[in-house]
Amino acid sequence: MAAPALAHSIDQSRVLPLREVRTRLTQLVALAELTDTVTVVTRDGDPRPVAAIVPASAARSVAQARADAERVATVSAGWARRLDELHQQSIRRHAAELRAVTDALAEAWAELDRRATPGGDPALARLRGAHADLLRG
């Protein structure tokens, strides 16, 4: 997480072995404070970085970024829970509305069956077929 906060200082970084850092620590700290220079510390004889001397503002930025990320995660989780609750409510409400419409259509078809004999009207037969397709699909 430190790398993104320090990205602006990459061009002003230096790499020093631990032995040299020990002898020049005061200078390196002043350099970080005054010029935002990052000093990458390596073990003597090993080029892999093990630590860094960074300006305090960069370290605070990392801590702030971490706190912001935690706050965003908390808020996002709350919104996700709320959206899920609303989605479930919507599903229940729409299911009830669909049942009501289905029941009303069943009553309408029953009334049509009482008033007109099935197969007597081609338009009514097409509507009945479309309704049957909707119920299947």
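1. Helix α3 covers residues 56-115, and its 60 residues should span 88 Å at 1.5 Å a residue; the expected span is 1.5 Å times one less than the number of residues. Its end C-alpha atoms lie 87 Å apart, which agrees. The buried residues of α3 are A58, V62 and W109, where buried means under 20% relative accessible area, exposed over 50% and partly exposed in between (1.4 Å probe, protein chains only).

2. This is a predicted model, in which local features need pLDDT of at least 70 and side-chain atom pairs count only at pLDDT 80 or more, while totals for chains, interfaces and linings use all residues. Residues are numbered from 1 along each chain as its sequence is written, and side-chain values use heavy atoms, with hydrogens and water left out.

3. The chain has four helices and three strands, taken as DSSP runs (helices H or I, at least four residues; strands E, at least two) and numbered from the N terminus. Its radius of gyration, 36 Å, is well over the 14 Å that the globule rule gives for 137 residues, so the chain is more spread out than a compact globule. That radius is taken over C-alpha atoms, and the rule is 2.2 Å times the number of residues to the power 0.38. Along its principal axes the C-alpha trace spans about 105 × 25 × 20 Å.

4. The loop between α2 (18-35) and β2 (38-42) contains D36, whose phi is positive, near 60°. Most residues other than glycine have a negative phi. D36 is partly exposed, at 29% relative accessible area, whereas T37 is buried, at 9%.
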